[in-house]
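These are my notebook entries on one protein model. I set down each point as I looked it up.

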Amino acid sequence: MQPLLVRRLVQAVPVLLIVVCLAFLLLRLAPGDAVDALVVEMGGGDAGLIARLRAEYGLDQPWPVQLGLYLAHVARLDLGWSVGFSRPVLGLVLERAGNTALLMAAALSLALSAGTLLGVAAGQSRIRGRGWLDTLLTGFGLLLYAMPGFWIGLMLIVAFAVKLRWLPLGGIATVPSFDTGWAYVVDVAEHLVLPTVALSLMYVAVYLRLMRAGMLEVAGSDFVRTARAKGLPPGRITWRHVARNALLPMVTVFGIHFGMLLGGSVVVESVFAIPGLGRLAYEAVTRRDLNLLLGIILASAVMTVLVNLAVDLLYARLDPRLRGER
């Protein structure tokens, strides 16, 4: 496992470098910059003030010089200064990244666990000849996949926060909150219920269909027939032999979905007013805060690389034949 870990970490360096360079060039090609947005907020300014601001923030330099200076600062873990928030980008990103990581961990855990259980149930019902249950579960999964996340979020707010008043409307915790310990944990968990469900339902449908297809494929394998011939209990065959091997493609898709969730979190965090990276990215775009947006992109890339590294290690753990090949 150690050679695999070292190899993946070495491969991550050029990937992050390419991401930073491409994001920097694409953002610099867009019209306007942070100084333009700042001047608009100030109600206007003369040419001398605009020139001084651009010189202060280094925006008057040619883009190759700006890129070189930015990479040099990133190497020292300095992501620059946020013009829109008037504070260092690194501190702002780290402050919001925890909320986003918590939301995505909860959403992916719910999607993976629910999708796995429903997929096993659908696959077993098809194998045992109960096609009605398989049809019902796959139809339910298709319905979940067809519903957009923002609409699900709004309906959940109307039903459980406005009408029933069971859960909070939004945010990450009650404000002002003086809770500590378990009381604070429970408060945060209550605030995460609705956004977690809204963000995960579409992926529940994907994992359901993947697990069902994997169950049907593995159920006809020789080693499964051998296990049945030996007289092993059906439950052990299902979970120890069939479900474990059907999980392999789901683990791969799990890593891919993490990057997709980062994009989906922009909408969900905006709907539920969660102070995370998604909502921060939206605010950075509206304020033309390119340094902040670059910091968010870099943080998202680092999180995605780390999650895919964990997926590779888990994949090798589930299938020992791949430990020396991946």
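How many of the 326 residues of the protein chain count as buried? I found that 38% of the 326 residues do, where buried means under 20% relative accessible area, exposed over 50%, and partly exposed in between, with a 1.4 Å probe and protein chains only.

**Entry 1: Basis.** I note that this is a predicted model, in which local features need pLDDT of at least 70 and side-chain atom pairs count only at pLDDT 80 or more, while totals for chains, interfaces and linings use all residues. Residues are numbered from 1 along each chain as its sequence is written, and side-chain values use heavy atoms, with hydrogens and water left out.

**Entry 2: The whole chain.** I looked up the secondary structure and found 12 helices and 2 strands in the protein chain. Helices (H or I, at least four residues) and strands (E, at least two) are DSSP runs, numbered from the N terminus. In sequence order the pattern is α-α-α-α-β-β-α-α-α-α-α-α-α-α. I recorded a span of about 85 × 55 × 40 Å for the C-alpha trace along its principal axes. The accessible surface, by the Shrake-Rupley method with a 1.4 Å probe, is about 17,300 Å², and 68% of this belongs to carbon and sulfur atoms. I then turned to contacts, meaning heavy atoms within 4.5 Å. Of those between residues at least 6 apart in sequence, 72% join residues at least 24 apart.

**Entry 3: The UniProt record.** The unreviewed UniProt entry places the feature "transmembrane region" at several spans, including residues 135-162 and 182-206. I keep in mind that such annotations may be inferred rather than shown by experiment. In the model, residues 135-162 are 93% helix and 0% strand, with end C-alpha atoms 34 Å apart. Residues 182-206 are 100% helix and 0% strand, and their end C-alpha atoms also lie 34 Å apart.

**Entry 4: Helices α6 and α8.** Two packed helices are described by the angle between their axes and the distance between the axes. How do the axes of α6 and α8 cross? I found that the axes of α6 (residues 131-146) and α8 (residues 182-219) come within 7 Å and cross at roughly 145°. Axes are lines fitted to C-alpha atoms, for helices over the stretch in contact, and angles run from 0 to 180 degrees between N-to-C directions. The crossing of α6 and α8 is left-handed, that is, the near helix is turned anticlockwise from the far one by less than a right angle. Among the residues that meet are Asp134, Leu137 and Tyr145 in α6, and Leu201, Arg209 and Arg212 in α8.

**Entry 5: Thr196.** I located Thr196 in helix α8. Thr196 counts as buried because its relative accessibility is 7%. Leaving aside residues up to four places away in sequence, Thr196 touches Leu103, Ala106, Ala107 and Leu110.

**Entry 6: Gly98.** I found Gly98 in helix α5 (residues 89-127). Gly98 has 41% relative accessibility and therefore counts as partly exposed. Gly98 and Pro275 are 177 residues apart along the chain, and their C-alpha atoms are separated by 9.6 Å.

**Entry 7: Positive phi.** Most residues other than glycine have a negative phi. I noted that Ser86, although not a glycine, has a positive phi of about 55°. Ser86 is in the loop between β1 (81-82) and β2 (87-88). Ala273 is not a glycine, and has a positive phi of about 55°. Ala273 sits in the loop between α10 (234-271) and α11 (277-286). With a relative accessibility of 33%, Ala273 counts as partly exposed.
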